[in-house]
Protein chains: 2
Amino acid sequence: MRQLGSAQPTAVELEILRILWELGPSPVREIHRRLNEAKGTNYSTTVKMLSVMLTKGLVKRDERATPHVYRAALTRERAGKTFLRDLIDKVYDGSAMSLVLQALANGKATQAEIDEARRLLDEMEGQP
Amino acid sequence: MRQLGSAQPTAVELEILRILWELGPSPVREIHRRLNEAKGTNYSTTVKMLSVMLTKGLVKRDERATPHVYRAALTRERAGKTFLRDLIDKVYDGSAMSLVLQALANGKATQAEIDEARRLLDEMEGQP
DNA sequence: GAAGGGTAGCGAAACCTTTCGCTGACTCAA
DNA sequence: TTGAGTCAGCGAAAGGTTTCGCTACCCTTC
């Protein structure tokens with residue numbers, strides 16, 4: 001059984017989250033308009049994706065309203081943090097410093113810059 | 001048809017790339033040892049994944065050697081850049097500055113820090 | 001109450017990734 | 001030559017994501 005809180009959004013799911021982050025809580029029709037604009041998706045598909053995301057806990061919905069209003073269950077900030085952490089884990093074996101060093105590698109970076117970057121990344125990682 | 005150069009490595013593919021980045025060019029047996037260690041994968045699976053990755057252009061192999069030697073077709077640096085760009089595109093709608101601002105948002109950041117971070121990210125993005 | 005439009009949901013198909021059984025080739029030693 | 005071991009590859013199954021057809025349920029409005 002997949003842990004509810006730890007599910008990484010898939011490509012389309014992320015696209016929907018992005019729309020919700022931009023629009024704020026919205027009815028399906030609104031979300032669909034955007035998604036269809038971007039990639040010609042069928043209305044049924046949008047509804048299905050939202051229902052899948054609901055069971056995964058990626059979105060929440062207010063059923064009292066008609067039409068139902070959906071909203072993202074995580075913030076853009078949290079998603080960003082998670083993805084960045086994931087990137088560091090998957091590409092740099094968990095070493096944030098590796099990424100920083102690599103980033104500065106071909107450029108001309110002072111020690112001050114490196115320290116600065118380190119602090120920035122520490123903040124991004126958040127506190128476990 | 002999927003563009004060869006633009007294929008984003010999947011989870012297992014990335015795990016294999018990570019092994020190759022660490023070990024350098026290696027025979028299947030070596031790669032398999034690591035992969036199996038990490039997640040108990042069958043030998044056949046490792047071979048198959050490598051063959052899939054070969055057709056996708058993610059790895060190259062020297063068939064003159066016996067056993068065949070595989071090596072990553074992209075560097076860790078390039079993969080990191082691509083993933084970071086992808087993260088920015090998918091989560092922050094392509095605005096690197098959004099990510100930086102968000103990262104600094106809850107912390108207490110000086111203007112100097114922000115400028116620093118901007119420069120860092122510019123470098124990470126590479127020059128189109 | 002019948003027709004039409006907006007809304008919601010289910011189940012199955014289509015597609016991609018990941019897994020592995022099975023097979024064959026090749027090498028080395030007895 | 002035969003048997004044991006290593007290496008490579010194919011095809012199909014298993015599992016997850018994404019797609020959509022079809023159905024049903026409200027509301028209006030006639």
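1. In strand S3 of chain A, A:Val69 is the bridge partner of A:Pro27. The model is predicted: local features need pLDDT of at least 70, side-chain atom pairs count only at pLDDT 80 or more, and totals for chains, interfaces and linings use all residues. Residues are numbered from 1 along each chain as its sequence is written, chains are lettered from A and ligands numbered from 1 in the order in which they are written, and side-chain values use heavy atoms, leaving out hydrogens and water.

2. S1(A) and S3(A) (residues 69–72) run antiparallel and are joined by two bridges. Strands (E, at least two residues) and helices (H or I, at least four) are DSSP runs numbered from the N terminus; two strands pair if DSSP finds at least two bridges between them. H1(A) packs on the sheet and touches S1, S2 and S3 of chain A. The direction of H1(A) makes about 100° with that of S3(A).

3. The sheet of chain A is open, with three strands in the order S1-S3-S2 and antiparallel pairing. Strands S1 (26–27) and S2 (59–62) of chain A each have a single partner strand, so one side of each is left without a neighbour in the sheet.

4. Helix H1 (residues 11–23) and helix H3 (residues 43–56) of chain A have axes that come within 11 Å and cross at roughly 90°. H1(A) is therefore roughly perpendicular to H3(A) (65 to 115 degrees). Axes are lines fitted to C-alpha atoms, for helices over the stretch in contact, and angles run from 0 to 180 degrees between N-to-C directions.

5. On the H1(A) side, A:Val12, A:Glu13, A:Ile16 and A:Leu17 meet A:Met49, A:Leu50, A:Val52, A:Met53 and A:Lys56 of H3(A) (contact means heavy atoms within 4.5 Å). Seven of these contact residues are nonpolar, none is polar and two are charged.

6. In chain B, strands S2 (residues 59–62) and S3 (residues 69–72) pair in the antiparallel sense over four bridges. B:Lys60 has B:Arg71 in S3(B) as its bridge partner. S2(B) and S3(B) form a hairpin, with six residues between them.

7. Which helices each supply at least two residues to the lining of the largest pocket? They are H1 and H4 (76–92) of chain A together with H1 (11–23) and H4 (76–92) of chain B. By class, the lining has 12 nonpolar, four polar and four charged residues.

Note on methods
Angles under 35 degrees count as roughly parallel, over 145 as roughly antiparallel, 65 to 115 as roughly perpendicular and the rest as oblique. Ala, Val, Leu, Ile, Met, Phe, Trp, Tyr, Cys and Pro count as nonpolar, Asp, Glu, Lys and Arg as charged, and the others, Gly among them, as polar.
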